[in-house]
Amino acid sequence: MITFDNIEVTFGEHVAIPDLNLEINEGEFFTLLGPSGCGKTTALRTLAGFIEPSRGEIYIDGKAATRLPSEKRRVGMVFQNYALFPSMTVRQNIAFGLAVRHTKKDETNRLVDEIADQVELTTEQLDKNVSELSGGQQQRVAIARALVLKPRILLLDEPLSNLDAKLRVQLREQLKNLQSELGITTVYVTHDQEEALTMSDRIAVFNHGVIEQVGTPEQIYNRSNTEFVCTFVGANNRLAPALLSRLGLDAARPSYLRLEKVSLVRHTDAAASVPLTGTISERSYHGAFSTYSVDVDGSDLRVTSSETGVTPRAVGSTVELFVDPRAVLQY
Ligand SMILES: Nc1ncnc2c1ncn2[C@@H]1O[C@H](COP(=O)(O)OP(=O)(O)OP(=O)(O)O)[C@@H](O)[C@H]1O
Ligand SMILES: [Mg+2]
């Protein structure tokens, strides 16, 4: 449905995106994930038609769209800072694009009411000034303003980053539900790996304008293609050579093991896991789980444990750990 074909974007001498090739499917929730400055916003703005690439072609629905003006691409964009009009009411903000299109008043009101209902804004809120709303409500206004124009594609640039942690998790679910109800192809930008993993059908991990991996959340997390993807997504143990030898793995390669892949209880598939013995040097309690640092023959191994039905282990105690060598990621 969307194709980036050899897209290059430069700002003066600076090459922000050297050669982007990417396919996004109809109805997909697709996320561009990467650290600050890696080119996520640039890629999104190029797709929206706000930035002209210096090379390459963008296709939307099989048609070359690279030289189409933004308003002809049928994309709706929610910007990183919302870009709402603070002195206008919520209704006026949502209706802005409709006014530009000279939509009749009755039709405008009908469309605004319909979309407000979908994003869960109340009639009372519609008549308020945007500046009177909370961050989460403003974020809904920004989404409603994009959706009211019935775009084929919804582009969201870090829409949740200005909100506090709890609200972010709540809105994540609502946004994902809204997207699947509408079935609208969505390109989502974030630097938050948890957001990417929980919301996306597929993720592209960006580094310096280059895609390191495209895949499902499970592929990105469990089968990270590169060392960058592995260390950017999720917490890891970097494994020492001695430990790698114990696991029967190549000790010369950079190797990582996710914290929850180390187990404090023996797997049912016992043959697959190597038992290790260590001493707990630290424990931090997180409520739903605990993280232990365990000294195994002089190297530190961190472990997360949900501790459902087990007694918490004390610092200084000796524990058995089980590691499946197949869970180790090597580069
Ligand atoms: N208008 C511009 N003029 C010059 N350089 C720019 C412009 N926009 C972006 N850049 C540069 O291009 C690179 C990519 O920027 P971009 O805004 O796409 O990153 P990002 O991944 O969205 O980062 P963030 O997570 O901080 O929003 C950066 O090095 C940035 O400085
Ligand atoms: Mg950005």
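With three residues, α1 gives the most to the shell around ligand 1, where helices (H or I, at least four residues) and strands (E, at least two) are DSSP runs numbered from the N terminus. The structure is a predicted model, in which local features need pLDDT of at least 70 and side-chain atom pairs count only at pLDDT 80 or more, while totals for chains, interfaces and linings use all residues. Residues are numbered from 1 along each chain as its sequence is written, ligands are numbered from 1 in the order in which they are written, and side-chain values use heavy atoms, with hydrogens and water left out.

The shell holds 13 residues, of which S36, G37, K40, T41 and T42 come nearest to ligand 1; a residue is counted if one of its heavy atoms lies within 4 Å. By class, four of these residues are nonpolar, seven polar and two charged, with Asp, Glu, Lys and Arg counting as charged, Ala, Val, Leu, Ile, Met, Phe, Trp, Tyr, Cys and Pro as nonpolar, and the others, Gly among them, as polar.

The table gives polar contacts, that is, pairs of N or O atoms within 3.5 Å.

| Residue, N or O atom | Distance to an oxygen atom of ligand 1 |
|---|---|
| S36, side chain | 2.5 Å |
| C38, backbone | 3.2 Å |
| E158, side chain | 3.4 Å |

The elements that supply two or more residues to this shell are β2 (14–24) and α1 (40–48).

Turning to the lining of the largest pocket, β6 (75–78), α3 (96–100) and α6 (135–147) each contribute at least two residues, and the lining comprises 13 nonpolar, three polar and five charged residues.

Key
Polar contact = N/O pair within 3.5 Å; in protein donor to acceptor, adjacent residues only side chain to side chain.
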